[in-house]
Structure formats: structure tokens, C-alpha cells
Amino acid sequence: MRYFKQYGTRRSGTNFLRALLEQNFSNTTVLMHTLGGKHNPPVNLKIFSAQFQNDSFAFVEAATAAEPAENCLPFSSEQRQYMMDHAKAIQDSVRNKTLHFLISVKEPYAWINSMFKYWLNDKNENDPEVIDEFCKLVSIQCAEYNAAYRSYLELFQKYPQQTTIVHYHNLIKNPFGFLNGLKSRLSLEKSSETYFSPKKIIHPTDWDQQQSHLRLAKKDFDPDYYLQRKYLQSMRPEVIDCISKSIDWNLMAFYGYEKINSVSCYKTKPTINAAI
């Protein structure tokens, strides 16, 4: 069994990525909240593995509780059973350095749009007080985004050979290319001769025992909304400017993202530089 531990902020494409891997590779398990919540800072697994060398379940339970997902404590009977079933294999993968980390990242402007797409629905977006409140929320979210991807960068620097950075833009543009690359790199086994990519929006799953690829919404997914950066056309210049000022662009340079230098540029759909 090949284990993946995924990380990424909310709305960064973690559910789509997990569904792709579950559907297309056999003997593959993507851990969302086991070993720590996927939206949280990475846990130092070596410390817990050394502490619980002879008790795999205690190791998995302690590591999971160190950075718990919101819906993780206290553990339900299903969650405990899942950890018990996988504990030995997970600890072996940590010891053998076969546990592979996945870091999902979405371009900051697209990410904020995803986070707050519905926030303005029942509000007057021309009201200066509403705009001011929205920008404050954006600033807070950007600070959390910066902190998250700083911690993920540290993980990548510590385990570069065991980590793959997954850009949402590139993933939805060429999911089969991504799968082929990962298959070759990690010697994964395909579930069938052809790859499958969900055409519907993926609903979030509560915990690891639920399968993401079975959580399809009725609504079709439109990749061009992101690929053509259509979201920029609906974003107020004040919000774009707030994002530009709040994101740590030195950090984002590592992930391949650049700041929009002028609020008027949002109409030109500038190219995302994300080659990692």
C-alpha cells in the first residue's frame, strides 16, 4: 500500500486531488486528517514514531491529535477503527520513507475568490463599509494563507524527495499528465487502462474513511473559470489590491506565483507562472 499525506488550505483543491488518486491508482491511500489535519501545519512524525516505536496505533493517534482537524476530537469509533486498521502500515511507511507528501496550492487571487465567493451575495457590494469589512476578512485569510504555505515550504525543504507540490491550475489543466508523472516517479499501479477525471464538483469528506471520488455534486465543474482566470472579472479592484498587499509574495515566488501590479491588470487575464 502506498500512503500519501496531503496538505493544503481550504479551497485549494485537496478534494479533487484525493479523488483523482483514489479513482486512478490501486493500493493507494490518501490521508486527509490522519497524522494531523490536512489544513494544519505538518506534524513532526519522526518524534512521535520514535516515542511509540512498539505501538503503531499510539503513534498514529498521538500524531493525529497533535494537529487535529476540526471534526477530529474526540475521535469517533469509525475514526479510531480506521487508524487501527492502517496504523502499522502507516508507521512502516514513515520509517521506510515511502510516505509521500502532497501540497495543494491555488493561486492567491483565485483562492480568495473561492473562499469568499458567496460572502457578498446578500450584501451591497458598493457599500464602502461592506467593502472595508470584506478587505479586513481578506487580510486575515491572507495572513493564514502565508503561515500555511510557509509551514508547507519547510516540509518540502526537509523532505524534497518525498514531497510533490500540486498547483491547482496545472492539475485541472492536465490531470492525466499529472497522474502519469506521479505514476512514473513513484511506480504507482493504475486501476484501469484509462484514467478518469471527475466532471462534477467534489463535495468535501468528513474524514479519511470516506472516499472522495464518491462525493460528486450534481453541478458540473468548469475548469475554464480558473484556467482563463474569469474570477478576476468579478472581483472588485479594492479586493484585488488588498490581496496584493497582504500576500507574502517573496514566499509565493517559490510556488511560482506573482503579484498583479495594477488593479487595472485584472481585465487582461495575466498568465500564472507556476511551473513547479
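At roughly what angle do the axes of helix H3 and helix H4 cross? In this predicted model, local features need pLDDT of at least 70 and side-chain atom pairs count only at pLDDT 80 or more, while totals for chains, interfaces and linings use all residues. Residues are numbered from 1 along each chain as its sequence is written, and side-chain values use heavy atoms, with hydrogens and water left out.

The axes of H3 (residues 56-66) and H4 (residues 77-95) cross at roughly 100° and come within 8 Å; axes are lines fitted to C-alpha atoms over the stretch in contact, with angles from 0 to 180 degrees between N-to-C directions. H3 is therefore roughly perpendicular to H4 (65 to 115 degrees). Helices are DSSP runs of H or I with at least four residues, and strands are runs of E with at least two, numbered from the N terminus. Contact (heavy atoms within 4.5 Å) involves Ser56, Phe57, Phe59, Val60, Glu61 and Thr64 of H3, and residues of H4 including Met83, Met84 and Ile90.

The largest nonpolar core has 80 residues; such a core joins buried Ala, Val, Leu, Ile, Met, Phe, Trp, Tyr and Cys residues through side-chain atoms within 4.5 Å. Helix H6 (residues 128-158) supplies its largest share, 12 residues. Tyr149 is among the members that touch the most others. Beyond neighbours within four places in sequence, Tyr149 contacts residues including Gly8, Ile103, Met252 and Tyr255.

Asp220 lies in strand S8 (residues 216-220). Asp220 is exposed, at 51% relative accessible area (buried is under 20%, exposed over 50%, partly exposed in between; 1.4 Å probe, protein chains only). Leaving aside neighbours within four places in sequence, Asp220 contacts Lys199, Lys200 and Ile201.

Methods
Parallel < 35°, antiparallel > 145°, perpendicular 65-115°, else oblique.
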